[in-house]
Amino acid sequence: MHLGIPALLHFYRTHRDEDSLVLVTIIATEGSTYRKPGAMMLISADGSFEGMISGGCLEGDLLHHAETVFATGKPTFVTYDMHAGEDLVWSLGLGCDGVINLMLQLLHRADGFGFLDSLDAALASRKACLLALTTQAAPGLPRGALALLTDADISMGEPNLQQNLRSMAQPWPEWRFKTVTLALGDEAATAILVNIPVRTRVLICGAGPDAIPVAQALSQLDWEVVLVDHRPAFVKAGRFPPTCTVLQSRPEHLSTVTDLAAVDAVVIMSHHLENDSRYLSQLGGFEIPYIGVLGPGARRDRLRDMAGCGDLDVKGPVGLDIGAELPAAIALSIAAEIHAVLNQRNGLSLTLKTSEQR
């Protein structure tokens, strides 16, 4: 949902004292590839990096290309053709049958590292962004020129790109990435547009021992995790990953301690029927894509009746059927179901999907 942006921004914050960073962006793909257009990677001058554009096969070679960008300051383009032929790619035998086209460009600290300063501030304020990167130049619009627009109509960067972003943002688009041709008088440039959503926020109602692996699994996805519980022993922040927010509140006060309109998913797991129903009763007035409760379907139905929201779409038992019994496996199944629902997928095996396409 977020293209790995939170991890990239964390890397940027820890390297913002450097003079420059190299941004790597996938601008086009063909066939089967690990990542799709819009995926990004940041590289520092010491060779450390964040973000992956392959399963680890190509990053080492990209570091060599980044050295050239650091030295020249000019954008460069790299293509990896991973079709299996008589000569295996770099003798690694990748055989992924895909093509990846990337652009590497230098971002300077003096310029706020391109769009990174503005993107960091926008996402911290929970504002979605559209990013434009020029991949084919035209007079007055060089390769690597960029612009950023938030859903609050705050913009920065190259004016022509800003103008085109505004025309694309009414209404705010649902596509994840798009390649466009920009008319500039008698000339035309090409740019990739990337839709960067706000960070996925998951609310866990109940902070008992089995909530810990759930919070850990969701945090591993770079999601924002908020836990609520009224029991003092359970709301100690040290029990959960440091990126989690832990709040103490009675279930009936849920809407006063967190913004339910900004929540993408809710997992109710206090193990107390009355408390769970009070949590659930406050969710009916909001369009929350995923709501799940622990326990069998009969318990879910009883909770909905007690909460007075019998028509609310509630998952229960929560999670995908992966044979989970212990807390870590249950957490995995919950995280997988939320991920599938938010991405409008059915959670089936990719093997079955591949077989159906043949």
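Which residues line the largest cavity?

1. The lining of the largest cavity is made by I5, L8, L9, L23, M40, F115, L116 and L119. A cavity is a set of points, on a 1 Å grid over the protein atoms alone, where a 1.4 Å probe fits but cannot get out, and lining residues have an atom within 4 Å of a point. Two elements, α1 (5–14) and α3 (116–124), each give two or more residues to this lining, and α1 gives the most, with 3 residues; helices here are DSSP runs (H or I, at least four residues), numbered from the N terminus.

2. This is a predicted model, in which local features need pLDDT of at least 70 and side-chain atom pairs count only at pLDDT 80 or more, while totals for chains, interfaces and linings use all residues. Residues are numbered from 1 along each chain as its sequence is written, and side-chain values use heavy atoms, with hydrogens and water left out.

3. The structure holds 1 cavity of 30 Å³ or more, and the volume of the largest cavity is about 30 Å³, a volume being the space filled by probe spheres set on the grid points, which are joined across faces, edges and corners. Its lining divides into 8 nonpolar residues, with no polar and no charged ones.

4. A search of the whole structure for disulfides (pairs of cysteine sulfur atoms within 2.5 Å) finds 0. C244 is in no disulfide, and the nearest cysteine sulfur, that of C205, is 14 Å away.

5. C244 counts as buried because its relative accessibility is 11%, whereas C57, at 34%, counts as partly exposed; buried means under 20% relative accessible area, exposed over 50%, and partly exposed in between (1.4 Å probe, protein chains only).

Terms used
1 Å grid on protein atoms, 1.4 Å probe; cavity = no way out; pocket = protein on both sides within 12 Å on 5 of 7 lines; lining within 4 Å. Nonpolar A, V, L, I, M, F, W, Y, C, P; charged D, E, K, R; others polar.
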